[in-house]
Amino acid sequence: MTLLEINDLNKSFEKGKEKSHVLMDIDLHVDRGEFITIIGPSGCGKSTLLKAIAGLDIEYSGDIKLDGVKVIGSSINQGFIFQEPRLFPWLTVERNIAGNLTLNNIEIREKVDKLIKLVRLEGFEKAYPKELSGGMAQRVAIARALLRKPKILLLDEPFGALDAFTRSHMQEALLDIWKEEKTSMIFVTHDIDEAVYLGNKIIIMSARPGTVQKVVSIDLPFPRNKATKAFQEFRHLVLGEFEKVEELELINGAGI
Ligand SMILES: Nc1ncnc2c1ncn2[C@@H]1O[C@H](COP(=O)(O)OP(=O)(O)OP(=O)(O)O)[C@@H](O)[C@H]1O
């Protein structure tokens with residue numbers, strides 16, 4: 001069943017008399033519970049697309065509907081995770097997750113405790129952001145977004161700043177969360193391995209203006225193993241599509 005429907009999305013930025021066409025004729029359908037990954041060259045409009053879905057930017061032509069309702073601004077239906085966790089440094093882990101909701105409310109307390117368990121931060125409830133590693137801080141941000149029970153979680157290169165080891169753990173943790181919460185996900189990455197490891201479907205974008213070049217369904221069961229032949233075959237398929245995308249040189253060395 002369709003959760004997100006994007007029809008004929010076009011987006012331009014204007015700077016003085018100059019107009020740059022950033023997204024062109026984007027059509028995208030996401031089913032409930034899907035895990036979509038988006039890859040594409042730097043500057044092809046991945047973040048712009050994600051912000052439009054989040055309702056953080058509504059200056060575009062075309063239509064975005066979430067659960068049948070036109071997106072006209074940001075709401076609790078769309079959770080957003082940035083590359084950096086954006087926590088409040090003066091609040092503890094549990095208070096960062098609760099945000100403007102009070103932990104004195106038993107229901108909120110229970111939900112926060114459950115999420116702390118889910119993102120494996122038990123014992124760190126009272127810790128402050130400066131006491132956390134990058135991966136832990138990003139897990140706090142994910143828990144904070146999940147508390148609002150979003151219909152879709154939008155993740156803009158959330159593990160881009162993490163070392164390879166932490167990144168791999170975070171991928172596992174996110175898949176556990178997806179399995180448990182069944183939240184639909186749209187995950188932007190530069191890394192083909194990450195896109196194939198996490199996604200049911202990979203959206204490959206090309207640049208100038210940003211368009212959907214190809215949608216590849218990854219028909220591999222979870223948990224996936226990056227060392228298997230089947231995984232490597234999908235990786236090569238996606239890489240092959242990438243080679244058709246202009247400006248391949250821009251993404252060389254960025255995780256491929
Ligand atoms: N607020 C803005 N004003 C003007 N131009 C913008 C603005 N935001 C983005 N752009 C331009 O739109 C294009 C797409 O940017 P966007 O950040 O969406 O790309 P991206 O694919 O996410 O890039 P990256 O992979 O490097 O993060 C770029 O050329 C960028 O310079």
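Tutor: Domain bounds here come from an automatic or database domain assignment. This is a predicted model, in which local features need pLDDT of at least 70 and side-chain atom pairs count only at pLDDT 80 or more, while totals for chains, interfaces and linings use all residues. Residues are numbered from 1 along each chain as its sequence is written.

Student: Which stretches make up domain 1 and domain 2, and what separates their centres?
Tutor: The assignment gives domain 1 as 1-77 + 152-161 + 170-229 + 243-256, and domain 2 as 87-149. Their centres, taken over C-alpha atoms, lie 26 Å apart.

Student: How do you know which residues take part in the contact between the domains?
Tutor: Two residues are in contact if their C-beta atoms, placed from the backbone, lie within 7 Å. Ten residues from domain 1 and eleven residues from domain 2 take part. On the domain 1 side, helix α5 (residues 164-181) gives the most, with five residues.

Student: What makes a stretch a helix or a strand?
Tutor: Both are DSSP runs numbered from the N terminus: helices are H or I with at least four residues, strands are E with at least two.

Student: Why are β9 and β10 called paired?
Tutor: Two strands pair if DSSP finds at least two bridges between them. Six bridges join β9 (residues 201-206) to β10 (residues 211-217), so the pair qualifies, and the two run antiparallel. Within the pair, I202 stands opposite V216 of β10. The two strands form a hairpin with four residues between them, and R208 in the turn has a positive phi of about 50°.

Student: What makes β7 and β8 a pair?
Tutor: β7 (residues 152-156) and β8 (residues 184-188) share five bridges in the parallel sense, so they meet the requirement too. D156 stands opposite V188 in β8.

Student: What is the order of the open sheet, and why are β6 and β10 called edge strands?
Tutor: Its six strands follow the order β6-β7-β8-β3-β9-β10, with mixed pairing. Strands β6 (78-81) and β10 are edges because each pairs on one side only.

Student: How do you know which residues are around the ligand?
Tutor: A residue is near a molecule or strand if its C-beta atom, placed from the backbone, lies within 6 Å of it. The residues around the ligand include F13, V22, K46, S47 and T48. Helix α1 (residues 46-54) supplies the largest share of this shell, three residues.
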